[in-house]
Amino acid sequence: MTVEWTAPNHRGSAMTLSYSSYLELPTLLGAQHPVRTPPQHDEMLFIIQHQTTELWLKLVLHELHAARAAFDTDEPEVALKAIARVKHIQRTLTEQWSVLATLTPTEYARFRRFLGRSSGFQSHQYRAVEFLLGIKNPAMLPVFADHAEARADLEALLAEPTLYDAFWRHLARTGLAVPESALHRDVTASYALNPELLPLAKAVYQAPQEYWPVYEAFEELVDLEENFQLWRFRHLCTVLRTIGTRQGTGGSSGAGFLQRALDLSFFPELFAVRTETGDLTS
C-alpha cells in the first residue's frame, strides 16, 4: 500500500512545500532582535545561544512526556528509547556552553544592562523539565504570573506524577516489591530520598543478571541525572567566567543559585544505593 503525505493546508501542498516553508525559516531566522543601541556584535551570540537552548528543551520535554507515558502503559523499551534521545540532547546542550564561554566580561558588559529583568531564571521550559523529573517548587509559579500558558503548564506538572513515579509504578506492576510509600507519595511535593526503596535497588545491583531490564533502566536514569548535573556545572562555570560572582540578571543570585542547584537530585536512591553495593563477594 502506498501512503501519500500531504502538508497542512496553511503551508501549501506537498508539491509546493519547500525546505524554508517546512521549517518556517523566515520566522525562525527573523526572531533575533538585539536590544542594545547601537548594536553590539556579541549580542547575537547571546540571543541565539538561549533560543537554541529553548528549542532543545522543547524536545527534551517532548521526549520525557513520551517516556512517562510509556512507563504508564508498561512499555519500558519505548521509555528508555526516549530517555536515550534525551541523553544525546543533554550532551549537545552541555557542549553548547563552550560557545557562550567565548563571550568575555567586557563583551557582555556592552549589552548586559539593556537586558532589563530578563533572565534564564524565567525559562518555564527549564522549570517544566525539573518538575517532570521530580524537583517541584511551587514558589516558582509566581515568576510566571504574567504568562498564563506557562504557569498553567507548570501547575499541571506540579499535580502530576513525575517520570520517576511512573517508573516505580511500572516496576510494581511487573511484580517487584515496590513499597507502598513510593506508589502513593504526594506527587505535588518535590521528590526526596525514600529509604524504603533502597533494599529493592540494592537487590537489583547485587544480581544484575536476574534483574537485567531493571538494572539497565536504573543506569539509564543515572546517566540522565549525571548529564543534567554536568549541564548545571558547565552553566556555573560559564557564568563564573563571564560575570564572576556578580548578581545575575532578573534579580537572581547568579553563580550562588547555580551552585546550590548542584545539590539537587532527581533519583536519589539510585545514587545512595552505591554506598551499599561496593563490598560484594564473588
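**A guided reading of the predicted model**

Helix α9, which spans residues 180-183, is the place of L183. The structure shown here is a predicted model. L183 has a relative accessible area of 14%, and because buried residues are those under 20%, L183 counts as buried.

Y22 belongs to helix α1, made of residues 19-23. Together with Y19 and L23, the residue Y22 makes a nonpolar surface patch. The area of this patch is about 360 Å².

The next subject is the empty space in the model. Rolling a probe the size of a water molecule over the atoms shows where such space is left. The largest pocket holds about 1,200 Å³ of space. Its lining has 41 residues, and those that lie nearest the centre of the pocket are F46, H50, S119, G120 and F121. Several elements give two or more residues to this lining: α3 (43-72), α4 (76-100), α6 (124-133), α11 (212-243) and α12 (255-261). Of these helices, α3 supplies the largest share of the pocket lining, namely 10 residues. Sorted by class, the lining of the largest pocket has 18 polar residues, 17 nonpolar residues and six charged residues.

Besides this open space, the structure holds one cavity of 30 Å³ or more. The largest cavity contains about 110 Å³ of space. It is lined by 13 residues, and L57, V60, Q90, L93 and F228 are the ones that lie nearest its centre. Two or more residues of the cavity lining come from each of α3, α4, α6 and α11. By class, the cavity lining divides into 11 nonpolar and two polar residues, with no charged residue.

The two spaces can now be set side by side. Six charged residues are found in the lining of the largest pocket, whereas the lining of the largest cavity has none.

Definitions and conventions
Residues numbered from 1 in each chain as written. Predicted model: local features only at pLDDT ≥ 70, side-chain atom pairs only at ≥ 80, totals over all residues. Heavy atoms only, no water. 1 Å grid on protein atoms, 1.4 Å probe; cavity = no way out; pocket = protein on both sides within 12 Å on 5 of 7 lines; lining within 4 Å. Points joined across faces, edges and corners; volume = space filled by probe spheres on them. Helix = DSSP H or I, 4+ residues; strand = E, 2+ residues; numbered from the N terminus. Nonpolar A, V, L, I, M, F, W, Y, C, P; charged D, E, K, R; others polar. Patch = residues over 30% accessible without salt bridge, like charges linked within 9 Å, V, L, I, M, F, W, Y side chains within 5 Å. Areas by Shrake-Rupley, 256 points an atom, 1.4 Å probe, with all protein chains shown as cover. Salt bridge = Lys/Arg side-chain N within 4 Å of Asp/Glu carboxyl O. Buried < 20%, exposed > 50% of the residue type's maximum accessible area, 1.4 Å probe, protein only.
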